[in-house]
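Here is a quick tour of the fold, written for someone who would rather look than read tables. Keep the structure open beside the text as you go.

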Amino acid sequence: MKIICIGRNYTEHIAELQNEKPSDPVIFIKPDSSILKNQHDFYIPEFSKDVHYEVEVLVKISKVGKHIDQKFAPKYYKEIGLGIDFTARDLQSKLKEKGLPWEKAKGFDDAAVVGKWIPKEKLGDINNLDFSLLKNGQTVQNANTSLMLWKVDELISYISTFFTLKTGDIIFTGTPAGVGKVNPDDVLEGYLSEEKMFSVNVK
Ligand code: ZN
């Protein structure tokens, strides 16, 4: 399986990183080896002094598809989740400066937290879902999927123009404002529509 991530999908997050608003979705891939195994602690890698959390709504692909029309996109996913796109921001900034790919900063081992999955029917309108991240009990990111520049179905259609989507692939739909650094002993908890989706201890 692969993990397809969307960058710059929330206006306020684009502003906080002083990025330009893209004319098309920004896409990058994390390898399957980047998934943090269930219940495991996250160890800050020694190659970074500035690892950031980015909470994101996830979509699990349930059927193979290519060139998916936006109106048929809902047929390609049954479950919605929540996760963290851990990012070695110091490394990413250096790579961005040089115009190089971000993979090392985004695709390293354990850089993808994937929480539990909820059937989409249970959630109602997926374009109107509240989600949040708490760090040590304090809310640090809090948003709603209605704030996405590109909505889930548009993303699926766009991504499938370039990459065949396969059963089990996961889409990270981008992070809202409020990203920040993690430190040893932090506890990160994610909520989607009031439901606790994951808890990660940082070491
Ligand atoms: Zn992200």
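Start with an open sheet of six strands, where the order is 2-1-10-4-5-7 and the pairing is mixed. At its edges you'll find strand 2 (26-30) and strand 7 (112-119); each has a single partner strand, so one side of each is left without a neighbour in the sheet. Going from one strand to the next, the twist averages 25°. Keep in mind that this is a predicted model.

Strand 4 and strand 5 run antiparallel and are joined by seven bridges, with Val 55 standing opposite Ile 84 in strand 5. Strand 5 also pairs with strand 7, again in the antiparallel sense, over six bridges. There, Glu 79 has Pro 119 in strand 7 as its bridge partner. Is strand 7 enclosed or left open by the rest of the structure? Six of its eight residues are buried, so strand 7 is largely enclosed.

## The zinc site

Which residues hold the zinc ion? Its protein donors are Glu 54 (OE), Glu 56 (OE) and Asp 85 (OD), at 1.9 to 2.1 Å from the ion. Along the chain, the donors follow the spacing E-x1-E-x28-D. Glu 54 sits in the loop between strand 3 (51-53) and strand 4 (55-61), while Asp 85 belongs to strand 5 (residues 77-85), so this pair ties together parts that are 31 residues apart in sequence. Glu 54 and Asp 85 are both buried.

## Helix 2 and its two faces

Helix 2 (residues 89-97) has four names to look up on its buried side: Arg 89, Leu 91, Gln 92 and Leu 95. Look down the axis of helix 2 and these buried residues fall within an arc of 155°, so they line one face of the helix. As a reminder, an α-helix has 3.6 residues a turn, so residues three or four places apart point the same way.

What covers that buried side? The cover includes helix 1 (11-16), strand 3, strand 6 (87-88) and helix 3 (103-106). On the face turned away from the buried side, helix 2 carries the exposed residues Lys 94 and Glu 97. After helix 2 comes Gly 99, which has a positive phi near 70°.

## An aromatic pair

The model has five aromatic pairs. One of them is Phe 28 with Trp 102: the ring centres are 5.3 Å apart and the planes are at 65°, so the pair is edge-to-face. Phe 28 is part of strand 2 and Trp 102 is in the loop between helix 2 and helix 3, so the pair ties together parts that are 74 residues apart in sequence. Phe 28 and Trp 102 are both buried.

## Helix 5 against the strands

Now find helix 5 (residues 152-162). Its buried residues are Val 152, Asp 153, Leu 155, Ile 156, Ser 157, Ile 159 and Ser 160. Which elements do they pack against? The buried residues of helix 5 pack against strand 1 (3-7), strand 2, strand 4, strand 5 and strand 10 (170-172).

Strand 12 (residues 187-192) pairs with strand 13 in the antiparallel sense over six bridges, and Glu 189 has Ser 199 in strand 13 as its bridge partner. Ser 199 has another residue to check: its C-alpha atom is separated by 9.6 Å from that of His 40, 159 residues apart along the chain. His 40 lies in the loop between strand 2 and strand 3 and is partly exposed, with a relative accessible area of 45%.

## Two loops with positive phi

Most residues other than glycine have a negative phi. Asp 185 is not a glycine, yet its phi is positive, at about 80°. Asp 185 is in the loop between strand 11 (180-181) and strand 12, and counts as exposed at 64% relative accessibility.

Ser 193 also has a positive phi, near 45°. Look for Ser 193 in the loop between strand 12 and strand 13, where it counts as partly exposed at 29% relative accessibility.

Terms used: Residues are numbered from 1 along each chain as its sequence is written. This is a predicted model: local features need pLDDT of at least 70, side-chain atom pairs count only at pLDDT 80 or more; totals for chains, interfaces and linings use all residues. Side-chain values use heavy atoms; hydrogens and water are left out. Donors are N, O and S atoms within 2.8 Å of the metal (3.2 Å for Na, K and Ca); water is not among the atoms, so sites may look incomplete. Buried means under 20% relative accessible area, exposed over 50%, partly exposed in between (1.4 Å probe, protein chains only). Two strands pair if DSSP finds at least two bridges between them. Axes are lines fitted to C-alpha atoms, for helices over the stretch in contact, and angles run from 0 to 180 degrees between N-to-C directions. The arc is that of the directions from the helix axis to the C-beta atoms. Contact means heavy atoms within 4.5 Å. Rings of Phe, Tyr and Trp (its six-membered ring) pair if their centres lie within 6.5 Å; planes under 30 degrees apart count as stacked, over 60 as edge-to-face and the rest as tilted.
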